[in-house]
Amino acid sequence: MRDWNVVVTVRDRRFRQALEALAPLGEVQATEFYNVLVMKVEDARALLETLRQRMETDPAIADSVAHLAPVEDAFVFQSAEQFESGARAVLMPRLDMLRGRSFHVRVHRRGFKGKLSGRDEEQRLARFVVDRLAEGGSQGQVRFDDPDYVVVLEMVGQRAGIVFWSRADRDRYPFVSVE
């Protein structure tokens, strides 16, 4: 599936269970990566609320889904340099939401092993955000302990997308598992 907008990681030995639980919610497909699914849904953010409600009444879903992330502004890349430029491009229009706020960046890398370091990219992208905010006369603070936002780049193979998790999102949807 080329145009996925949701990434799901599955708990060990729950792959079939997760596929069955998620299938009614949108198009779902296995990837080449262990326990990683991608989905295409009409409204990725609405999926969060639907899934939260279903988890309250159906423990099988909660037992099978370890992490779920609806992404925005996905991009394709062929190299580490293209990944970084694509990530910067999707960050730029959202810098205002980070003005005067605390945040940190996470890269959930699936693929590109040995070609791209998630930790190095996290540091470079956080520095990019801090620098752009400072250029605009504003502050942004990198903080790992309960930040206002966690900026996550979800990467599956040579496609990545971004999601901004506010503190309220993380509290309401514990299955987003940003770390």
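Figure 1. Cover here is by contact, meaning heavy atoms within 4.5 Å. Helices (H or I, at least four residues) and strands (E, at least two) are DSSP runs, numbered from the N terminus. The model is predicted: local features need pLDDT of at least 70, side-chain atom pairs count only at pLDDT 80 or more, and totals for chains, interfaces and linings use all residues. Residues are numbered from 1 along each chain as its sequence is written, and side-chain values use heavy atoms, with hydrogens and water left out.

Figure 2. Helix α1 spans residues 15-22, and its buried residues are Ala18, Leu19, Ala21 and Leu22. Down the helix axis these buried residues fall within an arc of 170 degrees, so they line one face of α1. The arc is that of the directions from the helix axis to the C-beta atoms. Arg16 and Glu20, on the other side of α1, are exposed. Buried means under 20% relative accessible area, exposed means over 50%, and partly exposed lies in between (1.4 Å probe, protein chains only).

**Figure 3. Nonpolar cores.** The largest nonpolar core has 29 residues, of which Val8, Leu22, Met39 and Leu68 touch the most other members. Two or more residues each come from β1, α1, β3, α2, β4, β8 (149-156) and β9 (159-166). Helix α2 gives the most to this core, with five residues. Another core, of 27 residues, lies apart from it; among its members are Leu95, Phe103, Val105 and Val107. A nonpolar core is a set of buried Ala, Val, Leu, Ile, Met, Phe, Trp, Tyr and Cys residues joined through side-chain atoms within 4.5 Å. In soluble globular proteins, nonpolar side chains tend to be buried together.

**Figure 4. Phenylalanine ring cluster.** Ring pairs link Phe75, Phe77, Phe83 and Phe112 into a cluster. A search of the whole structure finds six aromatic pairs. One of them joins Phe75 and Phe83: the pair is tilted, at 5.8 Å centre to centre and 45 degrees between the planes. Phe75 is buried, with a relative accessible area of 11%. Phe83 is also buried, at 0%. Rings of Phe, Tyr and Trp (its six-membered ring) pair if their centres lie within 6.5 Å; planes under 30 degrees apart count as stacked, over 60 as edge-to-face and the rest as tilted.

**Figure 5. A ring pair between β8 and β9.** Tyr149 and Phe164 form an edge-to-face pair, 6.5 Å centre to centre, with 75 degrees between the planes. Tyr149 lies in β8 and Phe164 in β9, so the pair ties together parts that are 15 residues apart in sequence. Tyr149 and Phe164 are buried.

**Figure 6. Charges over rings.** The charged end of Lys115 sits over the ring of Phe112, 5.4 Å from its centre. Arg159 lies over the face of Trp4, at 4.9 Å from the ring centre. A charge sits over a ring if NZ of Lys or CZ of Arg is within 6 Å of the ring centre and within 35 degrees of the ring normal.

**Figure 7. Gln141 and its contacts.** Gln141 lies in strand β7 (residues 141-142). Gln141 is partly exposed, with a relative accessible area of 45%. Not counting residues up to four places away in sequence, Gln141 touches Arg101, Ser102 and Phe103. Gln141 and Arg94 are 47 residues apart in sequence and 15 Å apart in space, C-alpha to C-alpha.

**Figure 8. Two residues with positive phi.** Asp146 is not a glycine, yet has a positive phi of about 50 degrees. Asp146 is found in the loop between β7 and β8 and is partly exposed, at 42% relative accessibility. Ser177 has a phi near 40 degrees, also positive in a residue other than glycine. Ser177 lies in the segment after α6 (167-172) and is partly exposed, at 34% relative accessibility. Most residues other than glycine have a negative phi.
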